[in-house]
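Here is a short tour of a protein model for someone meeting it today.

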Amino acid sequence: MDFERTIDDIIETLLNAKNYGKKCALLIGTGCSAQAGIPTAEKFVDIIERDRPRDFARAPKKSYSSCMGQLAPGERRDLIANFTDETKINWAHIIMAQLMKVGFVDRILTTNFDPLLIKACAMLNEFPAVYDLTASTNFRPSYIPEKSVFYLHGQRTGFELINTAEEFAEHSKRIQPVIQDTARGRVWIVVGYSGRNDPVFDIFASFPRFDYKLYWVGYRDNPPEKHIKERLLQEGKHAYFVKGYDADSFFVSLAKKLGCFPPDFLKKPFSFLKKLFDNLAPCECMNGADDIRIEDAVEKIERAIENFEN
């Protein structure tokens, strides 16, 4: 059976899902942040081998979780922070936020630690609920609002980051209910995630089928890896493989074909800026003689809209 699909298949699925009131969930991994300069799991292994050769030599397996297990928690946190704190937002995250804003996506699950997705949402004036599953002991699906982001393995600024095999094994109990709940009535798109370094893939592979399809977006022209072919791309599961893209090019192409590109901050920057001012509550203390009046700023923006956008 042919399990390969194209981005046009995804477009058709998303448009039909939206017509029937269904949404899409994204599962994203380190490949979505790589173009922002954050290393993938494999690159972190290379960095440990280069900078901490004695720790690397002690690792029983030369995998991400095994090598990270040789580092103390503070050392792991510093290693990750070194790459996540000063990065610029790449286009994959901008478009994820855009897809949420226009109503195609309502839930995003990330295995990353970085704040790029949240920064991208704020940049588009979009503010989903954000959950860190390392800090949550109770999962209550009925409390989740329409739009939400789940950090499956923790946030860079959180109290705990899940890195080692032992931590993953224990933490999978928290992850599983979230993935199972997300699967109800949603299309899945997986981007930038290899499925090699954590238990998330095992949970996905355990699903007998995906009722609204799952699209696994590979990296450029690389074929699906063995574990994906053997455990996911199976007849009756309705899981499919899409190739030919990196994360940025996939999401930008998807948004263009869905008719929601470019975002408003590029298409109509002054109108977008005016909407930001609508979030401000009036303040009596801003009426002094030396104060800059919000009304004056809005008036300047309106002139810019008239002169440059219209």
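A residue is called buried when its relative accessible area is under 20%, exposed when it is over 50%, and partly exposed in between (1.4 Å probe, protein chains only). Keep in mind that this is a predicted model, where local features need pLDDT of at least 70, side-chain atom pairs count only at pLDDT 80 or more, and totals for chains, interfaces and linings use all residues. Residues are numbered from 1 along each chain as its sequence is written, and side-chain values use heavy atoms, with hydrogens and water left out.

**Cysteines**

Cys 24 has a relative accessibility of 1%, so it counts as buried. Cys 32 is buried too, at 0%. A disulfide is a covalent bond between the sulfur atoms of two cysteines; here the cut-off is a pair of cysteine sulfur atoms within 2.5 Å. How many disulfides does the structure hold? It holds zero. Cys 24 is in none, with the nearest cysteine sulfur, that of Cys 260, 12 Å away.

Helices (H or I, at least four residues) and strands (E, at least two) are DSSP runs, numbered from the N terminus. Two strands pair if DSSP finds at least two bridges between them. Eight strands make an open sheet with parallel pairing, in the order S1-S8-S7-S6-S2-S3-S5-S4. Strand S1 (4-5) and strand S4 (129-132) are at the edges with a single partner strand each, so one side of each has no neighbour in the sheet.

Now zoom in on strand S8 (residues 239-242), which pairs with S7 in the parallel sense over four bridges. Phe 241 in S8 is the bridge partner of Trp 216, and Tyr 240 is that of Tyr 215. To get from S7 to S8, the chain passes through helix H10 (residues 226-231), in a right-handed β-α-β crossover. Right-handed means that, with the strands pointing away from the viewer, the path from the first strand over the helix to the second runs clockwise.

S8 also pairs with S1 in the parallel sense, over two bridges, and there Arg 5 stands opposite Val 242. In a regular strand the side chains alternate between the two faces of the sheet. In S8, Ala 239 and Phe 241 point one way, Tyr 240 and Val 242 point the other way, and all are buried.

**The pockets**

On a 1 Å grid over the protein atoms alone, a pocket is an open set of points where a 1.4 Å probe fits, with protein on both sides within 12 Å along at least five of seven lines; lining residues have an atom within 4 Å of a point. Grid points are joined across faces, edges and corners, and the volume is the space filled by probe spheres set on the points.

| Pocket | Volume | Lining |
|---|---|---|
| Largest | about 920 Å³ | 45 residues |

Thr 30, Gly 31, Thr 40, Glu 42 and Gly 192 lie nearest the centre of the largest pocket. Helix H2 gives the most to its lining, five residues. In the second largest pocket, helix H1 (residues 7-19) has the largest share of the lining, also five residues.
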